[in-house]
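Please look over the sequence and the structure below before reading on.

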Amino acid sequence: MRWARASRSAGVDDRVVDLKRPLGLVLNEDDDGNVYVETVAPKGNAARTGMVKEGDIVTMCSATFGDQMWSTRGVGLTRVLAAIRVRAGPTVSLVFESSQET
């Protein structure tokens, strides 16, 4: 868990999705502070990618600028939403894993 939280880039097996804002997602938080996809808007930007499903867990998010990513495991919904909001540019990259992968 510690190595996952210190990671600054997505791995080759990670499902990285670049999303234009508005993302077309409703995110929520579980009891452990992990953020997951509660709803995918049917015609939203996330649905158009075909790569985001309800129940997916957000494991990484783009840094404010540049290509670095930061781990979102256990940090809570407020911090993830803030990171998405302050991201420079029109897109944000998120790494998702299905709830079965955890």
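## The chain as a whole

Among the contacts in the protein with a separation of 6 or more, 59% are between residues 24 or more positions apart, where contact means heavy atoms within 4.5 Å. The model is a predicted one, in which local features need pLDDT of at least 70 and side-chain atom pairs count only at pLDDT 80 or more, while totals for chains, interfaces and linings use all residues. Residues are numbered from 1 along each chain as its sequence is written, and side-chain values use heavy atoms, with hydrogens and water left out.

The protein has three helices and six strands, and from the N terminus on these elements follow the order α-β-β-β-α-β-β-α-β. Helices (H or I, at least four residues) and strands (E, at least two) are DSSP runs, numbered from the N terminus. Of the 102 residues in the protein, 42% are buried; buried means under 20% relative accessible area, exposed over 50%, and partly exposed in between, with a 1.4 Å probe and protein chains only.

## Two sides of helix α3

Helix α3 spans residues 77-86, and its buried residues are Leu77, Val80, Ala83 and Ile84. These residues lie on the same side of α3, because they cover an arc of only 130° around the axis, the arc being that of the directions from the helix axis to the C-beta atoms. An α-helix has 3.6 residues a turn, so residues three or four places apart point the same way.

The cover over the buried residues of α3 includes β2 (25-29), β3, β4 (57-62), β5 and β6 (91-97). On the face of α3 turned away from its buried side are the exposed residues Thr78, Arg79 and Arg85.

## Val35 in strand β3

Val35 belongs to strand β3, residues 35-40, and is buried, with a relative accessible area of 0%. Leaving aside neighbours within four places in sequence, Val35 has contacts that include Ile57, Val58, Leu77 and Val80. The C-alpha atoms of Val35 and Leu81 are separated by 9.6 Å, although the two residues are 46 residues apart along the chain.

## Thr72 in a loop

Thr72 sits in the loop between β5 (69-71) and α3, and this residue is also buried, with a relative accessible area of 0%. Not counting residues up to four places away in sequence, Thr72 touches Gly33, Val58, Thr59, Met60, Cys61 and Val80. A polar atom of the Thr72 side chain lies 2.6 Å from the backbone oxygen of Val58.

Note on methods: Polar contact = N/O pair within 3.5 Å; in protein donor to acceptor, adjacent residues only side chain to side chain.
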